[in-house]
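Subject: Structure for you to look at

Dear colleague,

I am passing on the structure we talked about, and my notes on it follow below. Please keep the model open while you read them.

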Amino acid sequence: MKIAYLGLGIMGRPMAANLVKAGHEVTVWNRTPKSVPGARTAATPAEAATGAEVVWICVADTSAVERVLFGADGVEPALRPGMIVVDSSTIAPRASRRFAERVSVKGAEFVDAPVTGSKIGAESAQLVFIVGGAEKTLAALDPLFKVLGKKVIHVGENGAGESAKISMNLMAAAIFEGFAEALVLSGKLGVPAEKMVELIESSMIRSGVTDYKAGFVLRRDWTANFPLRLMLKDIRLMLEAAAEEKISLPALKEIEKVYQKAVDDGHADHDYAATVETVRNM
Ligand code: NAP
């Protein structure tokens, strides 16, 4: 397939590389010029998208997706009937639905397909896609989902993937906050961190989040797998969606303060696991 891949960050770069490896004809674009071996590099999103069957986006946030699609050199003029735009960024569900409508004016299809699996999942093609969009569009994308991941969960219509994704990240942030606070308290009480992790991993408290993060935390390796600034972005998307729905998320409001303090402490570009350091100093 002819694929334009837009956004070569922690997640986008390995996804584009896996599409190349699978034999697809890939053209890449990134705001800060970057390349992927075996892919053509375009100077603008519009140039990358021209003639593509699928345009796949993975950029930081809602305004970045808007810029890539509808900015001065964005994808919009290259949209054609039958073209599919897939957005794997985590963004506001409401904005995602708006983007889908605007893309459909040109006869193209739009699918929100945020992911879970983080850096290791992207590199090892073990992502889970959380998808909103039409069934027949998903069917056309199936060979590509298979190259990039291990599972596709079709949640519903446009925006539903983003709604499920931000809600699952609420749990990720809350689980990690529990882990961080338990480690800090047990450490103060004299329990070695390795023993605490051994206990967690041997009990019903264990989770995918602690499985992924525990080793990094024990080594105090804050290299970004999921940058803290992006988890804070997601926390704000959750709080914004909750406000729109007139519900309260009391634990999340407290967690937002921890992440803001972590940013103030200089951890924005570190992994969100670095919030352990912030909790320790609060
Ligand atoms: P990242 O490494 O920070 O990469 C962000 C990408 O977005 C870069 O290519 C960046 O370009 C681009 N970008 C930022 N602002 C832009 C703008 N205004 N216009 C155009 N491009 C812009 O982030 P990531 O970890 O790959 O995450 C990408 C998306 O996936 C985010 O929505 C994130 O929440 C989501 N996600 C991440 C993970 C994870 O574990 N990392 C897991 C699931 C979902 P430059 O190179 O020029 O800065």
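**What surrounds the ligand**

Helix 3 provides the largest share of the shell around the ligand, namely 4 residues, where helices (H or I, at least four residues) and strands (E, at least two) are DSSP runs numbered from the N terminus. Please bear in mind that this is a predicted model, in which local features need pLDDT of at least 70, side-chain atom pairs count only at pLDDT 80 or more, and totals for chains, interfaces and linings use all residues. Residues are numbered from 1 along each chain as its sequence is written.

In total, 28 residues surround the ligand, the closest being Gly 9, Arg 31, Thr 32, Ala 64 and Phe 226, and a residue counts as near if its C-beta atom, placed from the backbone, lies within 6 Å of the molecule. Domain 1 (2-157) and domain 2 (163-281) both give residues to this shell, so the ligand lies between them; the domain bounds come from an automatic or database domain assignment.

**Helix 3 itself**

Thr 62, Val 65, Val 68 and Leu 69 are buried in helix 3, buried meaning that 20 or more other C-beta atoms, placed from the backbone, lie within 10 Å of a residue's own. Seen down the axis of helix 3, its buried residues fall within an arc of 130 degrees, so they line one face of the helix; the arc is that of the directions from the helix axis to the C-beta atoms. Among the elements that cover these buried residues are strand 1 (2-6) and helix 4 (93-104), with contact meaning C-beta atoms, placed from the backbone, within 7 Å.

Best wishes

Methods:
Buried ≥ 20, exposed ≤ 12 C-beta atoms within 10 Å, placed from the backbone. Contact = placed C-beta atoms within 7 Å.
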